[in-house]
Amino acid sequence: MFLSGIKFITFSAVFIFSAFMLSCSNNSINIGVSSTLSGKNSDLGIHCKNGIILATEEINQSGVLGKRKIRLFISDDKNSAEEAAAIDSDFIEQGKNLIIGHSTSEMSKAGLSLINGKDFLMISPSSSSDHFTDRDDNFLRVCSTTKSEAIAVADKISSSNLRKIVIIYDSLNRTYCESYIGFFTEYANSKNISPFLVKEYALTDNQAIENAVNDIIKTNPDTVLALFSAHDLTRFAQKIRIKNNRIPIFTGGWAMTSYLTSNGGKAVEGIKAVLFYDTENKHQSLLNFRKKYAERFGTEATFSSIYGYDCVYLLFQSFRKNYFTPEEIKRNTIETRRFDSPAGEYLINRYGDAQRSANLVEIKNGQIIKSK
């Protein structure tokens with residue numbers, strides 16, 4: 001259970017990156033954090049990082065772990081598979097075998113590929129690809145799987161009698177996108193619907209967005225499923241709305257960050273996705289979290305803020321029992337099974353995969369609300 005009733009005091013957190021200061025003391029619980037913190041797709045990772053910081057500050061200030069303090073060592077994977085793998089490998093070599101990361105499935109896959117077989121535990125806030133599902137490994141996550149998300153979106157599209165479906169996706173997050181498309185297509189086929197076009201784009205420049213828009217206009221679909229980041233989805237929506245203002249747009253939960261609502265304007269109105277928490281939840285714990293988050297970081301919390309926060313409190317459930325090794329933490333997490341979150345209870349199964357309730361949401365008047 002996350003700490004309730006603790007008065008949060010704002011202060012400047014200091015994170016030390018120099019290699020000569022990375023040694024572990026008896027009173028320090030060192031956690032490596034790797035997330036995309038720079039570049040056009042950094043909004044997801046930054047909110048994850050902020051949630052991690054907020055939870056860490058709460059626990060350290062509470063004194064509930066006695067003299068022990070959690071220390072975070074934060075690195076930017078720059079949305080680069082090579083960088084992600086190198087960071088995780090460095091963490092292990094430096095003795096930081098508890099890692100919170102990464103914010104995207106592609107980066108988590110890259111990191112795990114290099115440190116597999118070593119003594120570590122990785123907990124991801126938002127890597128939802130089914131590439132990681134039902135594996136007895138050292139990878140845990142607090143987000144639900146892509147399968148649940150894809151099926152919920154496919155069901156909504158099929159029940160809305162939208163038959164001509166075009167799917168476009170970002171090849172730079174292929175691990176997430178291809179998993180999503182596979183489950184979406186399987187479910188759609190069960191409803192006698194097949195995507196009319198499935199196409200990937202390497203979204204490294206404006207021309208790729210222009211190409212995506214032109215492809216959509218040529219095919220004139222009933223609906224578009226655009227598996228882009230918030231930054232790229234914003235650009236896509238703004239350009240396509242100039243040429244066609246009526247095509248319904250669905251997207252992955254990956255894109256539903258504050259960047260989309262803050263920068264998309266009228267172009268992103270009506271975009272739908274599935275998130276794994278109830279945006280209309282008025283429970284006091286969620287209201288408190290949002291308030292503290294806004295005070296600490298000067299921005300509204302998003303789903304990834306909550307997931308980052310949840311990662312730390314998942315570890316806390318082991319720390320408070322004096323479990324600190326990857327093996328102990330993994331075992332305790334699976335045995336605990338039920339975890340509290342500001343967004344409501346979630347479950348962790350025996351493979352370390354999270355289960356949360358799905359909610360269809362849409363953007364209306366610049367806000368992400370529950371879709372009716």
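Start by selecting strand 12 (residues 346–348) and strand 13: they run antiparallel, and two bridges join them. Strands here are DSSP runs of E with at least two residues, helices are runs of H or I with at least four, and both are numbered from the N terminus. Keep in mind that this is a predicted model, in which local features need pLDDT of at least 70 and side-chain atom pairs count only at pLDDT 80 or more, while totals for chains, interfaces and linings use all residues. Numbering starts from 1 along each chain as its sequence is written, and side-chain values use heavy atoms, with hydrogens and water left out.

Show isoleucine 348 and look across to strand 13, where its bridge partner is alanine 354. Now widen the selection to the open, antiparallel sheet of three strands, ordered 11-12-13; two strands pair if DSSP finds at least two bridges between them. Strand 11 (338–339) and strand 13 (354–355) are at the edges with a single partner strand each, so one side of each has no neighbour in the sheet.

**The nonpolar cores**

Next, select Ile168, Phe184, Phe228, Phe236 and Phe319. Within the largest nonpolar core, which has 95 residues, these touch the most other members. Such a core is a set of buried Ala, Val, Leu, Ile, Met, Phe, Trp, Tyr and Cys residues joined through side-chain atoms within 4.5 Å. Buried means under 20% relative accessible area, exposed over 50%, and partly exposed in between, with a 1.4 Å probe and protein chains only. Helix 10 (residues 303–319) gives this core its largest share, 11 residues. Zoom in on isoleucine 168: leaving aside residues up to four places away in sequence, its contacts (heavy atoms within 4.5 Å) include Lys199, Tyr201, Phe228 and Phe236. Another core, of 11 residues, lies apart from the largest one, with Phe73, Ile92, Leu112 and Ile115 among its members.

The structure has zero disulfides, a disulfide being a pair of cysteine sulfur atoms within 2.5 Å. Select cysteine 48: the nearest cysteine sulfur belongs to cysteine 311, 7.4 Å away. Cysteine 48 counts as buried at 1% relative accessibility, and cysteine 311 counts as buried at 0%.

Which residues are closest to the centre of the largest cavity? Select Ser126, Ser128, Glu149, Trp254 and Phe303, which are among the 18 residues of its lining. About 190 Å³ of space lies in this cavity. On a 1 Å grid over the protein atoms alone, a cavity is a set of points where a 1.4 Å probe fits but cannot get out; a pocket is an open set with protein on both sides within 12 Å along at least five of seven lines, and lining residues have an atom within 4 Å of a point. Grid points are joined across faces, edges and corners, and a volume is the space filled by probe spheres set on the points.

Move on to the largest pocket, with a volume of about 380 Å³. Tyr277, Glu300, Ala301, Gln367 and Ile368 are the closest to its centre of the 18 lining residues.

**Backbone stops**

Most residues other than glycine have a negative phi, and most peptide bonds are trans. Check the bond from glycine 101 to histidine 102: it is cis, with omega near -5 degrees. Histidine 102 sits in the loop between strand 3 (98–101) and helix 3 (105–115).

Aspartate 134 has a positive phi, near 55 degrees, and is partly exposed at 48% relative accessibility. Finish at asparagine 365, in the loop between strand 14 (359–364) and strand 15: its phi is positive too, about 55 degrees, and it is exposed at 65%.
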